[in-house]
Amino acid sequence: QQQQQQQPQKQEELGREGGSAAGGPGLARLYVRECQVGPQGAEALVGALRALPQLTHLSLANNALDGFEGQALAAALCRPHSRLVELDLSHCSLDDRCGAALQSLLASPCCPLRVLDLSGSRLTQAGLAALCSGLAANTCLRSLLLHDSSALDDATVDQLLCPALQTSGLQELELARCALTARALPGLLSAGLSRLVVFGNHVASGLAVLLQDPSAAHWAAPFLRDLDLGGNQIADREAALLMTLLGSKADMLPALRTLSIGGNAISDDAVWRQAWADARTNRPELDILWHVKQ
């Protein structure tokens with residue numbers, strides 16, 4: 001009798017977490033990661049997705065979907081009353097051929113997505129333009145991950161991404177290991193985000209110039225609570241200047257609670273450490289995460 005009571009509970013958990021058709025119509029999470037699924041296999045999933053009305057999380061990460069256009073998939077995900085809130089298409093080699101599908105997916109009034117991961121895509125400026133067009137019309141998406149996107153440079157961010165962010169409801173944006181310098185920061189800081197990750201870019205280039213005007217409007221960033229500037233080769237001088245400004249100007253990034261600057265070129269000299277100590281004293285609410293370059 002105890003085994004009979006445990007069996008429905010196990011089936012319910014399987015349906016929630018996904019990974020098997022045994023969950024039936026109640027399947028909520030489906031992870032098909034690193035399964036050597038190609039474009040044809042992805043298209044074959046469309047019919048299955050229509051039969052999963054309770055699906056909330058779908059991951060096709062690390063499959064070879066290069067050449068995948070995705071229109072049928074986008075239509076299946078944007079059906080009325082869809083409950084899908086998280087879609088992971090990271091490292092699937094998606095290229096510009098899926099740009100129109102991404103645009104229609106995000107622009108659809110039926111799109112309930114909250115989290116979209118397109119890291120490691122092969123989108124060029126044309127594909128990113130389609131993505132940003134859909135993003136500009138979307139007010140539901142809260143988190144967008146575009147790590148390892150080499151086409152995301154300063155000009156693309158300034159001309160395509162930042163204008164889209166002004167009308168979207170996006171709160172968290174992650175752009176690790178792209179092709180950004182400090183010139184991309186003003187637009188990103190002015191986009192109303194609560195979390196911004198630019199780890200592993202080239203922010204050291206031009207940061208000192210940007211910090212020369214701490215009263216600039218973009219430094220106000222009233223909603224930004226989490227900023228990751230790690231891995232950008234920021235040296236002692238720029239890091240110390242940033243700490244000094246944060247410690248002395250309460251209106252500079254006033255909502256910031258976590259600043260990550262680990263993995264930079266900080267050597268822990270006396271000037272940097274004093275500036276860091278002063279910032280901690282004057283902004284006790286701010287958690288500064290860093291470590292010395294080895």
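Glutamate 174 is buried, with a relative accessible area of 13%, where buried means under 20% relative accessible area, exposed over 50% and partly exposed in between, computed with a 1.4 Å probe on protein chains only. Its side chain meets that of arginine 195 in a salt bridge at 2.4 Å, N to O, a salt bridge being a side-chain nitrogen of Lys or Arg within 4 Å of a carboxyl oxygen of Asp or Glu. This is a predicted model, in which local features need pLDDT of at least 70 and side-chain atom pairs count only at pLDDT 80 or more, while totals for chains, interfaces and linings use all residues. Residues are numbered from 1 along each chain as its sequence is written, and side-chain values use heavy atoms, with hydrogens and water left out.

**Salt bridges**

- The structure holds seven salt bridges, and Glu174, Arg195 and Asp226 are linked in a network of them.
- Arginine 195, at a relative accessible area of 25%, is partly exposed.
- Aspartate 95 and arginine 97 form a salt bridge through their side chains at 2.6 Å, N to O; aspartate 95 is buried at 13% relative accessible area, whereas arginine 97 is partly exposed at 49%.
- In the salt bridge of arginine 237 with glutamate 238, the closest N and O atoms are 3.7 Å apart; arginine 237 is exposed at 57%, and glutamate 238 is buried at 15%.

**The sheet**

- Ten strands form an open sheet in the order β1-β2-β3-β4-β5-β6-β7-β8-β9-β10, with parallel pairing; strands (E, at least two residues) and helices (H or I, at least four) are DSSP runs numbered from the N terminus, and two strands pair if DSSP finds at least two bridges between them.
- The edge strands, each pairing on one side only, are β1 (29–31) and β10 (287–289).
- Strand β2 (residues 57–59) pairs with strand β3 (residues 86–88) in the parallel sense over three bridges, and histidine 57 stands opposite glutamate 86 in β3.

**Helix packing**

- The axes of helix α4 (residues 99–107) and helix α5 (residues 125–136) come within 7 Å and cross at roughly 5°, the axes being lines fitted to C-alpha atoms over the stretch in contact, with angles from 0 to 180 degrees between N-to-C directions.
- The two helices α4 and α5 are therefore roughly parallel to each other, a term for angles under 35 degrees.
- Residues of α4 including Leu102 and Leu106 meet residues of α5, among them Leu131 and Leu135, contact meaning heavy atoms within 4.5 Å.

Methods:
Angles under 35 degrees count as roughly parallel, over 145 as roughly antiparallel, 65 to 115 as roughly perpendicular and the rest as oblique.
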